[in-house]
Amino acid sequence: MTSMTGIAEVLSVLLLLLLFKVCLFMQNWTDSRNLVRLQYIYRLWFHPLARYPGPLLARASRIWSASAARKLRKAQAVQDAHQRYGPVVRIAPDELSFADPSTLKAIYGHGSRLPKTEFYTGGKFTEVDNVFSMRDIHQHSGRRAVMAPVFSHRFVASYVPAMYEKLSQTFNMMATLSANGTKPVDVYHWVHNFALDVVFHFTLNHESGTLKTGKPHAVIRDLEDFQSVFAWTALFPPLRNLGRFVPIQAVKRPFISLHKWIHFCLDIVARERTTDMKASFVSRLLENEDAYLERKLNDLEVAEELIGIMFAGSGTAANTISFLIWAVLENPPIREKLVAELERQVPPGIIPMYEVVNKLPYLNAVIMETLRRWPTIPGLQPRRVVGKELVVGDYIIPAGTVVGCQNYTVHLDPVTFPEPEIFDPERWLQPDTSAQHAAFNGFGTGPRACIGRNLALIELQLFTAAFFLRFDARVADTLEEKDMELTDGFSGGPAGKSLPLYLVERSKT
Ligand code: HEM
């Protein structure tokens, strides 16, 4: 009997404990729900940014922004929000987007010194940072000073003869594949091969062979996977080191590719350290001291820069060229004017000289208009207000806020660019184009602006001139308007990832 009572006592204590646990659980549960509700209330009505308009979901949470980014349509969603809510829009609880081109300087200019946000840490490929991913402004200026000489106009121009050869190889391949205009050629694919091959050779001093064989070099093939590395590590930073061990093929594959890449680049750096060839990109990087580190870069730091450059410098240029060719072909009067200028100014020969194309007004207006209309970094380049408040026009923005002014919006500003959706190179040929240039942000503004601009412009000028001099091209009927819509996966390009064209060599017409 006593033992029965004992058991009953133990059971009731256990039951009480269980009830207590259930109560605690319920309380925590309702507490956390209440906390979330309180957080929403705070963000919507009491947050320092509460007075700024924006979509309700964006003001309360990050869901709005994340969902648009997942669909690769964040730049368009932000632009739609500006059209609905005005020039300053709250696109996340702590983030403001500005639409007026006059705000570019305040946010990105040399005077503002706003650091990049955590978003950019996904842009590094090893455990060390590269010039693109660095957030600390002193660390960045030390590295930028090391890199600047190899992107100077002088250094890049010395690479032009190699680019002539790559253009010939690309066009010969496309001409063969088009069989005198009887078969469509995917020019998007070839432009990407070209741009990758250029940046590969320019930085690594190593031939990829892609343009000779038509088959991408093994490591080049993997470069497409870097977009996934960027996306995965932005979500789960530890994946940078552990990703290749995850037992899911779709996750592990890009990290394995990256691992191969790192070793490929490290071997190249080691080779360049021992060679007496002192003019290459890598050897120049090895020569200069980083003032922030107070020493020269080690092999891993140089390899990280090489991978970063390869990533930043290939798709951007290739997508711009793809948009340009398509836009010109879709606008016959523009094409006639461009070809007339080229025929008038460029001496006969297969590849036009850089010194000539650099000075052609209409060609360069077509390039500027493409960079404006289809900016291949379309969305926000986010910066954080730190230390003190930031003054942007009439607005005083509290420290801690993320701010940005996206190209997709400033480039469609109807005051600076009337009928902004229309592709019209004449905008860049007006007697006074200072307002247009002030609103142009295709290569960024200030200390974090594109370091590869000189190389990109030479590629654009030479490719465009040589293409329209060599081919009479026609867009294949299979290409639909929606295929050329601009996506926004930070770096943007045509949604269909294809540009099928029939190409007839003009000398043969
Ligand atoms: C049409 C072609 C290109 C466009 C439109 C473009 C655009 C841009 C933009 C807008 C930025 C600023 C990004 C930000 O702050 O978030 C940037 C940065 C950068 N770009 Fe480019 N780019 C192009 C080609 C290239 C090329 C060819 C290279 C190298 C070979 C390159 C290397 C870089 C690097 C390393 C940065 C980071 C600079 C820094 O933070 O100091 N880009 N680019």
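**Entry 1: strand β2**

I looked up strand β2 (residues 95-98) and found both of its faces covered. Glu 95 and Ser 97 are buried on one side, and Leu 96 and Phe 98 are buried on the other. I count a residue as buried if 20 or more other C-beta atoms, placed from the backbone, lie within 10 Å of its own, as exposed at 12 or fewer, and as partly exposed in between. In a regular strand the side chains alternate between the two faces of the sheet. Strands (E, at least two residues) and helices (H or I, at least four) are DSSP runs numbered from the N terminus.

I note that this is a predicted model, in which local features need pLDDT of at least 70 and side-chain atom pairs count only at pLDDT 80 or more, while totals for chains, interfaces and linings use all residues. Residues are numbered from 1 along each chain as its sequence is written.

**Entry 2: partners of β2**

I then checked which strands pair with β2, pairing being at least two DSSP bridges between two strands. Strand β1 (residues 88-92) and β2 are antiparallel over four bridges, and they form a hairpin with two residues between them. Val 88 stands opposite Phe 98 of β2. Strand β9 (residues 402-404) runs parallel to β2 and is joined to it by three bridges. In that pairing, I found Ser 97 opposite Gly 404.

**Entry 3: helix α16**

I recorded 31 residues for helix α16 (residues 299-329). Its first and last C-alpha lie 45 Å apart, close to the 45 Å expected at 1.5 Å times one less than the number of residues. Because 27 of its 31 residues are buried, α16 is largely enclosed by the rest of the structure.

**Entry 4: ligand shell**

I listed 23 residues around the ligand, of which Gly 313, Gln 381, Gly 444, Cys 450 and Gly 452 come nearest; a residue is near if its C-beta atom, placed from the backbone, lies within 6 Å. Which helix gives the most to this shell? It is α16, with seven residues. Helices α16 and α22 (453-470) each supply at least two.

**Entry 5: nonpolar cores**

I took a nonpolar core as a set of buried Ala, Val, Leu, Ile, Met, Phe, Trp, Tyr and Cys residues joined through C-beta atoms within 7 Å. The largest has 84 residues, and Val 187 and Ala 466 touch the most other members. Helix α16 provides the largest share of this core, 16 residues. A second, separate core of 33 residues includes Trp 64, Phe 98, Val 385 and Phe 440.
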